[in-house]
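Subject: Model for your files

Hello,

Here is the model we talked about, with the sequence alongside. My notes follow below it.

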Amino acid sequence: AEGLGWGYEDKEVSVSSTEGKIVTAVTYCATRIKKSLRPYSWYKKHVLVGAREANLPSEYRAGIEAIDVLKDPDQKREAEQYAIHSSQFAV
């Protein structure tokens, strides 16, 4: 959502729940796609965690895992983003 209007647009889509119920959801779609762009590794981690939590098919998750990433030059931001997921396993 942070890029809405600046490279992304929102679209309503129909999705099916695990119970087969059709619901309307909002998704954000890139409007300018460059094959040379790659996500930061922490962003890919966020997407993979969400894919696992949503129990998306293993083939779909494998496609995400295959995406090449960049190391974030902002080490503080990278550490903060990775800590989001490690904190959910803290006791």
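Rings of Phe, Tyr and Trp (for Trp, its six-membered ring) count as a pair if their centres lie within 6.5 Å, and planes over 60 degrees apart make the pair edge-to-face. Please keep in mind that this is a predicted model.

Aromatic residues. Tyr 40, Trp 42 and Tyr 43 form one aromatic cluster. The rule gives two aromatic pairs. In one of them, the ring centres of Trp 42 and Tyr 43 are 6.3 Å apart and the planes stand at 75°, so this pair is edge-to-face. Trp 42 has 12% relative accessibility and therefore counts as buried, while Tyr 43, at 43%, counts as partly exposed.

Helix H1. The buried residues of H1 include Trp 42, Leu 48, Val 49 and Ala 51. H1 has 13 residues, which at 1.5 Å a residue should span 18 Å; the end C-alpha atoms are 18 Å apart, in agreement.

The loop between helix H1 (41-53) and helix H2 (58-65) contains Asn 55. Its phi is near 55°, a positive value in a residue other than glycine. Asn 55 is exposed, with a relative accessible area of 64%.

Strands. S1 (residues 8-16) and S2 (residues 22-30) run antiparallel and are joined by nine bridges. Glu 9 has Cys 29 of S2 opposite it. Five residues lie between the strands of this hairpin, where Gly 20 takes a positive phi near 90°.

Regards

Methods
Residues are numbered from 1 along each chain as its sequence is written. This is a predicted model: local features need pLDDT of at least 70, side-chain atom pairs count only at pLDDT 80 or more; totals for chains, interfaces and linings use all residues. Side-chain values use heavy atoms; hydrogens and water are left out. Two strands pair if DSSP finds at least two bridges between them. Helices (H or I, at least four residues) and strands (E, at least two) are DSSP runs, numbered from the N terminus. Buried means under 20% relative accessible area, exposed over 50%, partly exposed in between (1.4 Å probe, protein chains only). The expected span of a helix is 1.5 Å times one less than its number of residues. Rings of Phe, Tyr and Trp (its six-membered ring) pair if their centres lie within 6.5 Å; planes under 30 degrees apart count as stacked, over 60 as edge-to-face and the rest as tilted.
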